[in-house]
Amino acid sequence: MLLTAVVFLPLLFSLIIGLWPTEKNLRPLALGLALIEFVVSLVILQRFDSATASLQMVEQYPWIERFGISYFFGVDGLSLWLVLLTTFLQPIVILGSWNSIQKSMKGFQVCMFVLQTAMLGTFLAMDAVFFYLFWELSLIPMYFLIGIWGGPRRIYATVKFFIFTMFGSVLMLVAIIYMMYLTQDAFGQMSASLLDFYKLDIPFVGGQFFSLQTLLFFAFALAFAIKVPVFPFHTWLPDAHVEAPTPGSVILAGVMLKMGTYGFMRWTIPMFPEAAQYWAWLFMMVGVIGIIYGAVVAMVQPDFKKLVAYSSVSHMGYILIGLFAFNEFGLGGGLYQMLNHGISTGALFLLIGMIYERTHSREISRYGGLAAVLPVFSICFFIITMSSIGVPLTNGFVGEFLVLLGTFKAEPVFAYVAVSGVVLGAVYMLWMFKRIFFGQPGELVKDTHHPLHDLSWREIAVMVPLIIMVFWMGVFPGTFLNYSRASIDHMVQTKGKYNLTIQTPANNPNSQVVIQANVGAH
Amino acid sequence: MNSEVALLDILKVSPMIVLFLVSLIPITVKVLRGNVEQAPMATLIQGLGGIIAAIVLMFFVHEVFMGLPAFSNALVFDGVTKWMGLIALFAAGGSLLLMYDNAATNGSQFSELMFLTLNCVVGMLILASAVDLLMVFIGLEIMSLSLYLMIGMSHEQKLSKEAAIKYFILGSFASAIFLYGVALLFGTVGSTYIPDVVAKTGDLIDTSRVFVFGISMVILGFCFKVSIVPFHMWTPDVYQGSPTPHTAFMATAVKAVSFAAFLRIMETKILIGSENLLDFLQWLAVITMIVGNVAAIMQNNFKRMLAYSSVAHSGYILVGVITTGVSDDVNFGAASVVFYLVAYALMTLGAFAVVALMERTEGTIVNIDDLAGYAKKRPGMALCLTMFMLSLAGIPPMVGFFGKFYIFTGAIGQGLIWLAVWGVLNSVISVYYYLRPIVVMYMKEGDPIEASTPMNATRVAIIVSAVMVVFLGLVSGPIFEIFEKAL
């Protein structure tokens, strides 16, 4: 019941908020509900058994029996932290948007909670169709978040976002249906369970694009690549980020992009091991291109929100090459980098939102000398900048280091090039920092009619947990990596023949769910 | 053919008889009162009563006579009859609610309209249950003749008359082509009974060109009725010109029963015999999807957009029909078609009902831009329309997604992967225009026009459809299984 509760509580909360009679007290209510959700999700962490790689706290009930589609939730080391990241960011975002969202508050909070359900469902669903349901559902609230509360070009941005993402995912749907037929051929009964998909032995012909495994691989990979976004498909991201309201940007960068990389990790790579191996060079290449390209383009952006958006493209490139390095460093680093990016980019968007609320401008050239006026803000921004660059002792360092180590072990050439992204990252972030916070006071800073105020207690309260996480994850990465280690090791060891078992109640006293006999006895 | 009419036959067609008798009540009353209308509410209650009685009888008849023929094998009462008939009856019930409220239809001729509508439904039930090609033709004509009159009913709108004439002329052509096809089939097979045709198909398909011509023409007749490109030309004009409730009625009920008859023809396994015909139908499906979707993008008139979207949906359903035609497991394909039609009927009826809410007078033309600010003014209705649009676009967890899911699952199972790929890519195109009303409602400021009356009946239809769109999506599995077992 725990995972069901975690996934569907936000939906219940959205109903409560939707039916709440007044607009008054809506913000504290939403914050309280988001905190409840976070606490409930902590129970997963407490019950989680980090010694095993198998799927835990499983809940599986038949849903559409005719096609073997089930209501199937489960958590393991790959999804655990992403779930917690989602629930952790939600209250922060709600607190961060306390004053910035004025227009139809109620609708906004409803969208936020529905989105949370969709994202949690995506991370926890272990049935392909069930997963697809949440995957597509996540588009709707985000579409409204950008379209209603966004900037001037919001409609263009939101429709582009929707259609890009949908384009990728429909081909995945065809692939899912096809694989359901493959399970029917292999096991005699149709199943959409991911665990059965893992067991399939799909014929692979190297070098031939129009062979079964390659086509299925690319159908899935395209969906996730657009979501990540991988280099040639990234164009929706800057638009969506720039037009989205701050909370939308934070969730988009913090969690939604991870749905793509998580998809690679959970679905594409283990299901199609040969194709993933064979085409790894392609994904590493676009990953590296993304790193360099994102960094170079970020450097020249006059708008700091857009700069951070492009830096996301660059950071997601690291995650991608880490995943396709197929060793424990690469995969572990990729997973860690997902969390880092969620924390640090989320924090950056929040900080940008805070300054934007004060000045209503995002042009870097109009700022300057902000450090003297807003010391607390500057310190926060500096810490997050360091984290984003990946300075040692911050979380970014651990992730990037592991990814580069893994890549070096697997494909040194790509590592050489990717390393330059670290330097470029420092260049654009530090240069932006210099232009905004140092030097001559810019026109917005000098403006005596509208003196700038430093962070309020509420805003400090928003930043403190994020900054704590930056250092905690930077200094004690073991706290986090230990939970995922078993899963990552299992993934590396069973490379080429990945399988996942369900933890049975016998070896886990916490799980009360009766596990249904699964299809797939050979 | 020996023609004995037994009492049992009368019982089997009791839903049709009841509908016909009920349809006489309002006009009889009107005649007896010296050409004075009774209260529209009374007419509505009588009509709905008739439909509910027919629904109940439908369940009863199929409980007792499942799978049995009637009237010397002219009609059959099987799963297709039952479910397609029920779709038609429910859609008709919903449309009646809309007609009761709408400015174009509830004037001084509501009694006549009730007569026409209910008789149209009688034609539909005949069409859905016919297993003899001549009976199919009779059903088709009863349905169409009522429709021609209904389309032209609006007094104010010139477009309405134009639409009626257009539909009449093109519809007559299509009927003629259909009948010609039936004649050719009779010439080669020696019977118009569909199972006889099925039995001979294997022999004749390779040897007799005339037979192939005949069956192709029969298929083309249906392609016209369900607006498959390139026989769709009438659809946008007629959908736009007819009073909105009638459009809703045509888009849902007429389409459902036409596909029912189409399915029966497909069960002849003609597609397995003739590769060319299979290729041809596949291309029709492909063209229909793309033409419908691309043309819908260009539309500014809401009803016209929904008309093109209806063309596109015919393309998706045709994929299911083709699947039925080529697979050994007929039930699966047929069930996917039926499920899709249920889904399609719900969401389309709802969408047209929202359009009807905005029609202040008979002449009002609702453009998509007129929806600006609707979400602020009527949040509930805007939410319902959003659900219909997302469902039409095939976004889970709405029922429209599962409709597509089953259709494409069937197609992939039969190796028609390219049709499935084409179908899903088209649903991406369709997202663009289905999102437009939502964008305009929620993201633009404005003061939308609205009908002057509260239109409570229409609202009921909208809310019921919206609830069903979500609910049926979540329980789609068991429902699909019911269809599959029944067909």
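Guide: Happy to, and let us begin with confidence. Among the elements of chain A, helix α20 (residues 443–446) of chain A has the lowest mean pLDDT, 79, while α5(A) has the highest, 93. Here pLDDT is the predictor's confidence in each residue, from 0 to 100, and helices (H or I, at least four residues) and strands (E, at least two) are DSSP runs, numbered from the N terminus. Chain A averages a pLDDT of 88, with 97% of the residues scoring at least 70. Over residues 509–522 of chain A the pLDDT is below 50, and beyond near neighbours in sequence this stretch has 24 contacts in the model. Two residues are in contact if their C-beta atoms, placed from the backbone, lie within 7 Å.

This is a predicted model, in which local features need pLDDT of at least 70 and side-chain atom pairs count only at pLDDT 80 or more, whereas totals for chains, interfaces and linings use all residues. Residues are numbered from 1 along each chain as its sequence is written, and chains are lettered from A and ligands numbered from 1 in the order in which they are written.

Now to the helices. The axes of α6 (residues 139–149) of chain A and α11 (residues 246–271) of chain A come within 10 Å and cross at roughly 150°; axes are lines fitted to C-alpha atoms, for helices over the stretch in contact, and angles run from 0 to 180 degrees between N-to-C directions. That angle makes α6(A) roughly antiparallel to α11(A), a term for angles over 145 degrees. On the α6(A) side, Met142(A), Leu145(A), Ile146(A) and Trp149(A) make the contact, and α11(A) brings Gly248(A), Leu252(A) and Met256(A). By class, this contact has six nonpolar, one polar and no charged residues. Ala, Val, Leu, Ile, Met, Phe, Trp, Tyr, Cys and Pro count as nonpolar, Asp, Glu, Lys and Arg as charged, and the others, Gly among them, as polar.

Helix α6 of chain A also takes part in the contact between the chains, which draws 26 residues from chain A and 24 residues from chain B. On the side of chain A that touches chain B, β1 (56–64), α5 (128–137), α6 and α7 (154–187) each supply at least two residues.

How values were computed:
Parallel < 35°, antiparallel > 145°, perpendicular 65-115°, else oblique.
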